[in-house]
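User: Could you take a close look at one helix pair for me? I would like the geometry and the residues that make the contact.

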Amino acid sequence: MRTSVAEGLLPDRPPAEVSFAVLGVVSAFGPGGALLPLGPNRRRALLAALLVDLGNPIPVARVIDLLWDRAPPPTAATMVHTTVAGLRRTLDEGRLRGARPLLVTRDGGYVLDADPGQLDMVRFERLLAQGRQLVEASPSRAATVLADALALWRGPALGGVEQAFARDTAARLEELRVQCAELRMTAELALGRHHDVVAELESLVARHPLRERLSAQLIVARYRCGRAADALAEYRRLRHTLDAELGVEPGPELRRLEVAVLRRSDDLEFRPPVATGVRPRGAALPVPISSFVGRERELAELSPSAGAPRLVTLTGTGGSGKTRLALEAASRIVHNGLAEALLVDLTSVTTPALFDDTVADALGVRVPPGRDLAATAAAALSGRETVLLLDNCEHLLDECAALVQALLAASTRLRVLATSREPLGVPGEQVFPVLPLEIADADEGSDRIEACAAVRLFTSRAAAARPGFVVAPDDLRLILDVCRRLDGLPLAIELAAGRAASIPLADLPGLLVDHFRLLDSAVRTSDARHRSLAATVSWSYDLLTEAERTLFARMAVFPAAFDGAAAKAMAASSGAPGDVVLLLSRLVTCSLIGLEDGGGAGTRYRLLETTRQFARECLTAAQLGDLRERHARHYLGLVQETRRHLFGAGSARWLARLHDESDNLRAALEWSFGPEGDPFAGVGLVRGLWHYWDLRGARSEGLHWVHAGLDAAGAENPVDRLELLSAGALLHLGRSDFDATRRLADEQRALARATGARAWEGNALAMVATVAWARGHSDRSQQLYEDAIAASIEGGDLWRAAIEEAQLARLHRDRNEPDAAKAVALQALAHAGEVGEELACGLAVNVLASLEHRWGDVSEARRLTSEALAHYRLVGYQEGEASALHLAGRIAFAEHEPEAAITAFEGSLRLCGQMGHRAGAAAALTGLASVATAAGDVGKAARLAGEAAALRAEIGLPLPG
């Protein structure tokens with residue numbers, strides 16, 4: 001059952017105690033949600049007065065003034081006592097047995113002794129404040145929060161109460177209501193939802209014709225919907241109304257907006273926010289290029305509802321539209337603010353050994369040693385309404401079933417949509433067969449035929465393939481016949497419709513019949529729908545030119561989405577690369593290849609698993625082997641190019657590029673270290689990817705390939721081996737595998753000394769220094785860090801020197817040596833600035849911020865902390881971000897800013913939960929406990945401190961001083 005995103009404020013379930021409402025007719029509700037009978041209007045007015053001044057005693061004389069705006073009757077005091085008694089009786093009868101009385105006498109007056117959260121007005125104002133804070137930083141979250149706030153309104157505020165105090169309060173609340181609507185429209189427009197809100201804005205402007213902000217929003221929405229004339233008409237309407245009513249002109253913002261519309265300024269167009277750094281794969285669902293057609297009933301059934309199963313598995317044959325339906329259902333859930341959605345695409349996972357790492361990467365979590373994926377993911381998703389979409393589960397049924405069962409048991413606010421050709425077999429699973437699209441009967445009227453989903457899909461895709469395509473009335477039954485021959489299967493219909501650009505409609509049915517007859521014997525054992533799909537794919541393939549067939553088959557080597565440059569690399573020996581884009585566009589038009597919006601990665605291509613399997617069958621084993629090698633070498637080239645930019649300025653976009661290609665990189669690694677592969681290509685891939693794996697926290701996956709690379713490199717390749725040893729030691733260190741770190745670092749140090757590689761020797765010394773520090777040998781650690789820094793500088797590796805100096809500065813800080821700490825930290829900052837790489841700069845600035853906080857200037861500590869956060873976020877370094885947020889929380893707490901401290905500590909806690917960083921989570925919980933203690937909330941402080949202590953006990957950390 002859904003709860004509001006503002007956790008703890010808006011329960012969706014019936015209240016457990018009496019609740020009150022003033023955002024509409026003034027009302028009281030019993031514990032089960034039943035409306036309590038308030039009786040005469042005077043009782044309702046009294047309740048309203050008590051609610052408006054909730055928690056404060058109101059003397060009898062003041063009650064008389066509130067209830068009687070003019071001269072009160074002589075018996076007013078008696079009437080007040082009677083009214084109070086009647087209202088008290090109603091509220092007492094409505095509360096739970098044993099609960100405290102609600103209407104009490106205190107300090108010479110009457111007071112409603114209720115928690116503020118029991119009043120909708122308070123919850124509304126809290127949500128409005130929260131949405132106001134979120135609207136710029138997180139418009140999606142803000143839109144949901146503000147929609148929740150507006151949903152509390154049931155009519156005009158303080159309805160049924162006519163006294164002056166009620167009118168004044170109602171006017172204030174109505175103003176806040178309009179502000180809330182304006183803020184929500186700001187968030188919705190920031191998300192590009194102008195089509196969805198334009199009608200609502202028109203209604204708001206009609207009710208509030210003098211609100212300039214609403215008019216400005218309506219102008220922008222109409223313009224983005226292609227209604228520039230209507231946008232200008234709204235400006236003219238506002239100017240006329242302001243002149244007639246107030247004698248004023250629109251403000252400068254509106255005047256600038258009018259000019260922008262007249263000039264068709266690009267500034268008015270919607271632009272999605274530009275992502276920087278490494279983007280979590282599961283943070284956003286892919287945006288399909290084509291529209292979604294039909295399936296209204298299925299979408300309604302897949303929408304969350306009370307008592308609905310928490311695991312729904314969409315089953316069906318290839319091409320039935322399982323994935324597209326699941327994506328559309330998840331997108332609508334997100335759009336309606338019901339939950340977040342995370343996608344895990346399992347298509348490219350070829351071995352169960354990489355299942356956990358792939359899922360963790362998609363969810364943006366890191367699994368620490370000693371914990372399993374389900375526990376880590378459940379902790380990261382706790383407190384959030386989340387829909388997890390597991391796509392293409394059929395080849396990993398056991399792994400998916402185990403994960404889903406554990407996740408659902410650990411997180412009550414998680415819902416799973418899975419797509420698979422067969423059920424997962426998990427208790428409580430609802431199997432949702434994805435059936436063919438609706439097809440009208442041949443004897444039905446033209447309107448009914450035109451409206452059926454199969455015909456609508458055909459006409460939509462045909463129009464995309466042939467601009468200007470129009471269905472004549474005589475064509476409708478022809479299209480219906482084609483859809484029926486294809487059994488209403490979406491992929492088959494799309495393939496046939498894609499041919500409308502080159503084949504007359506009248507010829508389609510005959511061609512399909514002939515091709516079905518040819519393929520019937522080959523697929524006789526399959527069900528009817530599978531025969532339809534196989535025949536349609538084969539038929540569409542046969543209609544391609546030779547060049548199109550060759551390119552289509554070669555694209556089967558990609559396990560996931562790919563860009564035009566990769567496609568050209570695969571086609572290099574089959575024709576002129578300059579033709580590839582044109583050939584791809586034809587394949588997209590024929591629906592054999594899909595097109596999707598890759599966000600910052602640009603437009604990308606993708607084969608459905610069904611068409612990929614068909615394309616692979618068009619290749620011989622030798623051809624496929626050659627393509628897999630070509631694929632691996634293309635991505636090796638990409639990695640080698642990227643590697644040159646990872647340790648300098650501007651590394652963020654190169655890291656993002658690696659992330660966009662993560663599925664293809666896995667496929668390249670699997671081929672390289674496989675029986676037919678080239679392990680030295682694999683070594684090159686690993687040398688270029690270890691830094692990305694470390695930043696992402698994908699250390700288990702990284703170690704899997706690092707050790708494969710070490711086995712391949714052997715002892716006779718010292719250049720390769722040194723970097724692989726360093727990568728392995730670093731990744732083991734990130735998992736607190738200190739013995740493994742020390743073993744690899746010792747080998748690295750010995751090899752570096754033998755070959756004179758001073759920079760790699762310095763790197764090994766730093767790794768040993770970190771292990772010594774972790775084990776409590778700070779003197780030895782200091783000496784090793786100093787030797788490491790000297791070796792790194794001598795070897796010309798300023799990037800590693802800066803990081804080692806930042807670590808040494810932290811060591812001095814923790815030993816209460818401020819002068820030494822600051823001197824080394826400034827050295828680290830200078831070297832990091834010379835290199836310009838974000839991680840090194842972030843570490844140096846972060847440690848300087850902690851020094852300023854402890855011994856220097858608070859304002860400088862704040863500035864440096866913000867700067868460190870910016871560096872970390874650019875490269876997606878969540879460990880650093882969590883550390884900087886924790887420091888920001890400590891600074892805010894020391895400066896008596898509890899709200900800012902809570903926000904920072906909670907941010908750090910969330911990130912630590914995603915990373916499985918239990919020590920960091922314990923520190924964040926301790927910070928929150930300190931804030932609660934300072935606020936006098938001893939119970940909450942004890943609970944938070946207890947959770948922190950439990951986490952420290954799990955990993956053997958001592959209690960903080």
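What is the handedness of the crossing of α39 and α40?

Analyst: Happy to walk you through that pair. This is a predicted model, in which local features need pLDDT of at least 70, side-chain atom pairs count only at pLDDT 80 or more, and totals for chains, interfaces and linings use all residues. Residues are numbered from 1 along each chain as its sequence is written, and side-chain values use heavy atoms, with hydrogens and water left out.

The crossing of α39 and α40 is left-handed, a term for the near helix being turned anticlockwise from the far one by less than a right angle. Helix α39 covers residues 878-894 and helix α40 covers residues 898-915; helices here are DSSP runs (H or I, at least four residues), numbered from the N terminus. Their axes come within 8 Å and cross at roughly 155°, where axes are lines fitted to C-alpha atoms over the stretch in contact and angles run from 0 to 180 degrees between N-to-C directions. The two helices are therefore roughly antiparallel to each other (angles over 145 degrees).

On the α39 side, the contact (heavy atoms within 4.5 Å) includes Leu 885, His 886, Arg 890 and Phe 893. From α40, the residues include Phe 905, Ser 908, Leu 911, Cys 912 and Met 915. By class, this contact has 12 nonpolar, six polar and three charged residues. Here Ala, Val, Leu, Ile, Met, Phe, Trp, Tyr, Cys and Pro count as nonpolar, Asp, Glu, Lys and Arg as charged, and the others, Gly among them, as polar.

For another pair to look at, helices α5 and α6 pack at an angle of about 150°, with their axes 8 Å apart, and their crossing is left-handed.

Notes:
Parallel < 35°, antiparallel > 145°, perpendicular 65-115°, else oblique.
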